[in-house]
Amino acid sequence: MPKRSTPILLPEVVLTVDTREPEHTSWERFFSLPSVRQKMDTADYGILGVPDVGIERKTATDLAQCLSWERDRFCKELERSRALRFFRVIVECDARSFLQGRYGERRSRVNPDAIWESLASFTARYNTRFLFASDAPTAARMCQSLLTKWLRENWNILEAVRKANADHNPSRTAVG
């Protein structure tokens with residue numbers, strides 16, 4: 001039987017939410033962890049004190065627009081994301097609906113095959129993973145889990161998180 005490693009005790013993780021993320025649609029209302037709003041250059045969600053980790057939130061309609069008439073802007077964002085240690089795009093839609101062209105309340109005139117092939121191209125070109133979640137609560141849970149698991153797997157940056165948390169809440173003592 002393999003030897004169990006000692007579990008890593010994480011400090012209280014504080015998630016970040018980009019200030020441009022609309023509050024009425026933000027995933028932060030579904031998070032079980034605390035969050036703060038701050039400007040993020042790339043991505044909509046991250047970890048306080050870890051600026052090179054991010055998750056981009058997209059609705060099906062947003063992603064269809066990004067893969068068609070807002071393509072240039074989205075390419076620039078994906079190009080910036082290459083500098084991050086960890087970057088994912090989570091789409092509030094199941095993949096089957098997206099493939100069938102259901103990008104929102106009604107079917108789009110954008111060709112679903114062209115959108116799907118653009119998604120494949122962007123995945124290959126920018127090494128970006130697009131993850132599909134059926135709805136906002138599921139997408140938020142996926143976001144929070146990915147961020148906290150990434151932090152657990154990359155424990156060597158915990159000191160940066162501890163410092164950021166201490167700066168954010170000076171009354172708490174450092175963990176460890």
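I started with the overall fold and found six helices and six strands in the chain (DSSP runs numbered from the N terminus, H or I of at least four residues for helices, E of at least two for strands). From the N terminus on, I read the order as β-β-β-β-α-α-β-α-α-β-α-α.

A note on the source: this is a predicted model, where local features need pLDDT of at least 70, side-chain atom pairs count only at pLDDT 80 or more, and totals for chains, interfaces and linings use all residues. Residues are numbered from 1 along each chain as its sequence is written, and side-chain values use heavy atoms, with hydrogens and water left out.

Next I looked up burial: 43% of the 176 residues count as buried (buried is under 20% relative accessible area, exposed over 50%, partly exposed in between, with a 1.4 Å probe and protein chains only).

Then I turned to helix 5, residues 136-153. Its 18 residues reach 25 Å from first C-alpha to last, close to the 26 Å expected at 1.5 Å a residue (the expected span is 1.5 Å times one less than the number of residues). Which residues of helix 5 are buried? I noted Ala136, Ala139, Ala140, Cys143, Gln144, Leu147, Thr148, Trp150 and Leu151. Seen down the axis, these buried residues fall within an arc of 155 degrees, so they line one face of helix 5 (the arc is that of the directions from the helix axis to the C-beta atoms). On the other side, Arg141, Lys149 and Glu153 are exposed.

Last, I checked Ala120, which sits in helix 4 (residues 112-126). Ala120 is partly exposed, at 42% relative accessible area. Its C-alpha is separated by 9.4 Å from that of Phe130, ten residues apart along the chain.
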